[in-house]
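The topics are taken in turn below.

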Amino acid sequence: MTRQQIVTDYLQAHNIPFELYNHPEGKTIEEAKRWWREDGSMHCKNLFFRNHKGNKHYLVCLHCDYDLDIHSLEQRLKASLVAQGLPSCGKLSFASPERMLKYLGLEPGSVSPFGLINDTEHHVHLFLDSRIHNADTLSFHPNDCRGTVVITRDNFERYLQCVTNKYEYIDIQ
């Protein structure tokens with residue numbers, strides 16, 4: 001079964017409506033933009049990080065056109081985690097392809113929140129830019145950079161409740 005099929009089967013099994021369209025490979029935002037439809041959805045960038053000890057992993061989602069200052073992100077994640085009584089993330093760095101495969105079942109260029117389907121131990125903490133909360137519809141890779149899933153924000157949140165990983169909205173910039 002393909003990674004895309006796992007995502008679509010999961011969403012269908014949980015009665016979560018979505019639209020899917022396929023297109024040529026787009027491993028980077030710049031490549032993918034050539035294939036995205038002008039459908040009014042917020043196309044999201046997804047970045048996978050680890051802490052300095054390598055024992056905590058974080059998936060960060062934000063609007064595809066925003067640049068990310070990793071030092072600012074560290075400060076925001078630390079504040080959010082500590083406020084919840086959780087350990088600070090410490091210094092962040094991008095997770096290796098091996099970690100990405102281990103925790104999300106994904107390869108570079110295909111990272112999306114749908115990788116949480118593969119995180120059966122709920123190890124990965126998801127941070128969503130607060131601006132995502134204002135979007136009516138969102139779009140992500142279906143764990144394969146040759147497709148795009150368009151989903152309403154409400155249905156995306158239903159999906160997040162199903163996978164049960166910890167997630168929160170924060171101001172990333």
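Contact here means heavy atoms within 4.5 Å. The model is predicted. On that contact definition, isoleucine 151 touches Ile16, Pro17, Phe18, Thr137, Leu138, Phe140 and Phe156, leaving aside residues up to four places away in sequence.

- Isoleucine 151 belongs to strand β7.
- Because its relative accessible area is 1%, isoleucine 151 is buried; the cut-off for buried is under 20%.
- Between the C-alpha atoms of isoleucine 151 and phenylalanine 114 the separation is 12 Å, and the two residues are 37 residues apart along the chain.
- Leucine 138 touches Ser41, Met42, Cys44, Ile132, Val149, Val150, Ile151, Arg153 and Phe156, again not counting residues up to four places away in sequence.

**Nonpolar cores**

- The largest nonpolar core has 31 residues, and those touching the most other members are Phe48, Phe114, Leu116, Leu138, Phe140, Phe156 and Tyr159.
- Two or more residues of this core come from each of α1 (3-13), β2, β3 (57-63), α4 (97-104), β5 (124-129), β6 (137-140), β7 (147-152) and α5 (153-163).
- Helix α5 gives the largest share of this core, with four residues.

**Asparagine 51**

- Asparagine 51 lies in strand β2, which spans residues 42-51.
- Asparagine 51 counts as buried because its relative accessibility is 3%.
- A polar atom of the asparagine 51 side chain lies 2.7 Å from the backbone nitrogen of glycine 54.
- The side chains of asparagine 51 and asparagine 55 are joined by a polar contact of 2.7 Å.
- Beyond residues up to four places away in sequence, asparagine 51 touches Lys56, Tyr58, Cys89, Lys91 and Leu92.

**Largest pocket**

- The largest pocket holds about 360 Å³ of space.
- Its lining consists of 23 residues, and Lys27, Asn46, Leu47, Gly109 and Val111 lie nearest the centre of the pocket.
- At least two lining residues are supplied by each of α2 (29-33), β2 and β6.
- Strand β2 provides the largest share of the lining, six residues.
- By residue type, the lining of the largest pocket comprises 12 nonpolar, nine polar and two charged residues.

Conventions:
Residues are numbered from 1 along each chain as its sequence is written. This is a predicted model: local features need pLDDT of at least 70, side-chain atom pairs count only at pLDDT 80 or more; totals for chains, interfaces and linings use all residues. Side-chain values use heavy atoms; hydrogens and water are left out. Buried means under 20% relative accessible area, exposed over 50%, partly exposed in between (1.4 Å probe, protein chains only). A polar contact is a pair of N or O atoms within 3.5 Å; within protein, one must be able to donate a hydrogen and the other to accept it, and residues adjacent in sequence count only if both atoms are side-chain atoms. A nonpolar core is a set of buried Ala, Val, Leu, Ile, Met, Phe, Trp, Tyr and Cys residues joined through side-chain atoms within 4.5 Å. On a 1 Å grid over the protein atoms alone, a cavity is a set of points where a 1.4 Å probe fits but cannot get out, and a pocket is an open set with protein on both sides within 12 Å along at least five of seven lines; lining residues have an atom within 4 Å of a point. Grid points are joined across faces, edges and corners, and a volume is the space filled by probe spheres set on the points. Ala, Val, Leu, Ile, Met, Phe, Trp, Tyr, Cys and Pro count as nonpolar, Asp, Glu, Lys and Arg as charged, and the others, Gly among them, as polar.
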